[in-house]
Amino acid sequence: QPVTWWRGHPVYAAHLIVVVFVASMLVTTLLVFARMVPPLEWLGFNSAAVLRGQVRRSVTYGLVNVPSIQFALDMVMIVWFGREVERFFGRRLFLLLYGGIYLLKPLLFTALGVWRTTAFAGEVGAFALFIAFATLFPDAPLIFNLLAKWAAMILVGIFSLMGLAAHDWVGLTELWATCGFAFVFVRHQQGRLVLPRI
């Protein structure tokens, strides 16, 4: 069920996530325009700072978003694909999936920060939600009737090649970790993948 209704339209948790990110993008734009950068630096993720005890950065990093076409496309992906995943799993499991995607990146780079300091900021999870959608509905037709499973494989391949060519190890690690988590999460919830018990 949707969280609420607005003018006869259902509002899902995926929509609320987008509202938060868009609001953060507007605030980020105003701060950059006013040359008030320190608050943004205080929110961004930095593995060395987290290891020194600034754990809040693992949660606040997604609130620093500059306006871009990529950001707009990510918001569309969260609305479209996130909504469908939420409708299939329900709000609780959807939020568990998105929360896992969101926290996986800072947790992973905090662990790797023992060897190499990493810093980043900005929303995450849009593409991983598409992978979750493609795992749930592999034969769903997308643009030009391309099936979701083929689109997912093609895009993961292209993004991987782009990361390799640019030596973007942070981007590659994020891509494979978040997409892998989304795939495993969906397969586990479907009962098609049994995780070992601890």
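A: Leaving out residues up to four places away in sequence, Met77 is in contact with Gly82, Ala126, Phe127 and Phe130. The model is a predicted one. Met77 itself belongs to helix H5, which spans residues 69–89. Its relative accessibility is 17%, and Met77 is therefore classed as buried, the limit being under 20%. Met77 can also be placed relative to Val18: the two are 59 residues apart in sequence, and their C-alpha atoms are 9.8 Å apart in space.

Gly82, one of the residues touched by Met77, likewise lies in helix H5. With a relative accessibility of 0%, Gly82 counts as buried. Beyond four places in sequence, the contacts of Gly82 are Ala14, Met77, Phe94 and Leu129. Gly82 and Phe130 are separated by 48 residues in sequence, yet their C-alpha atoms are 7.4 Å apart.

Phe130 is a further partner of Met77. Apart from neighbours within four places in sequence, Phe130 makes contact with Met77, Phe81, Leu142, Ala148, Ala151, Ala152 and Leu155. Phe130 is also among the residues with the most contacts inside the largest nonpolar core, together with Phe21, Ile78, Val85, Leu97 and Phe127. That core has 45 residues. At least two residues of the core are supplied by each of H1, H5, helix H6 (91–112), H7, helix H8 (148–165) and H9. H7 provides the largest share, ten residues. As a general matter, nonpolar side chains in soluble globular proteins tend to be buried together.

Helix H7 (residues 126–136) contains Ala126, Phe127 and Phe130, and each of these three is buried. The remaining residues of H7, namely Ala128, Leu129, Ile131, Ala132, Phe133, Ala134, Thr135 and Leu136, are buried too. Because eleven of its eleven residues are buried, H7 is largely enclosed by the rest of the structure. The cover over these residues includes H5, H6, H8 and H9.

The packing of H7 against H9 can be described in detail. In general, two packed helices are described by the angle between their axes and the distance between the axes. The axes of H7 and helix H9 (residues 169–189) come within 8 Å and cross at roughly 35°. The crossing of H7 with H9 is right-handed. On the H7 side, the contact is formed by Phe127, Ala128, Ile131, Ala132, Thr135 and Leu136. On the H9 side, the residues are Leu175, Thr178, Cys179, Ala182, Phe183, Val186 and Arg187. By class, the residues of this contact comprise ten nonpolar, two polar and one charged.

Although Phe144 is not a glycine, it has a positive phi of about 60°. Asn145, also not a glycine, has a positive phi of about 60°.

Gly99 is part of helix H6. At 26% relative accessibility, Gly99 is partly exposed. Ser24 is part of helix H1 (residues 13–33). Its relative accessible area is 7%, so Ser24 is buried. Its side chain forms a polar contact with the side chain of Asn65, at 2.8 Å. Not counting residues up to four places away in sequence, Ser24 is in contact with Gly62, Leu63 and Asn65.

Terms used
Residues numbered from 1 in each chain as written. Predicted model: local features only at pLDDT ≥ 70, side-chain atom pairs only at ≥ 80, totals over all residues. Heavy atoms only, no water. Helix = DSSP H or I, 4+ residues; strand = E, 2+ residues; numbered from the N terminus. Buried < 20%, exposed > 50% of the residue type's maximum accessible area, 1.4 Å probe, protein only. Polar contact = N/O pair within 3.5 Å; in protein donor to acceptor, adjacent residues only side chain to side chain. Contact = heavy atoms within 4.5 Å. Axes fitted to C-alpha atoms, helices over the stretch in contact; angles between N-to-C directions. Left-handed = near helix turned anticlockwise from the far one by under 90°. Nonpolar A, V, L, I, M, F, W, Y, C, P; charged D, E, K, R; others polar. Core = buried A, V, L, I, M, F, W, Y, C linked by side-chain atoms within 4.5 Å.
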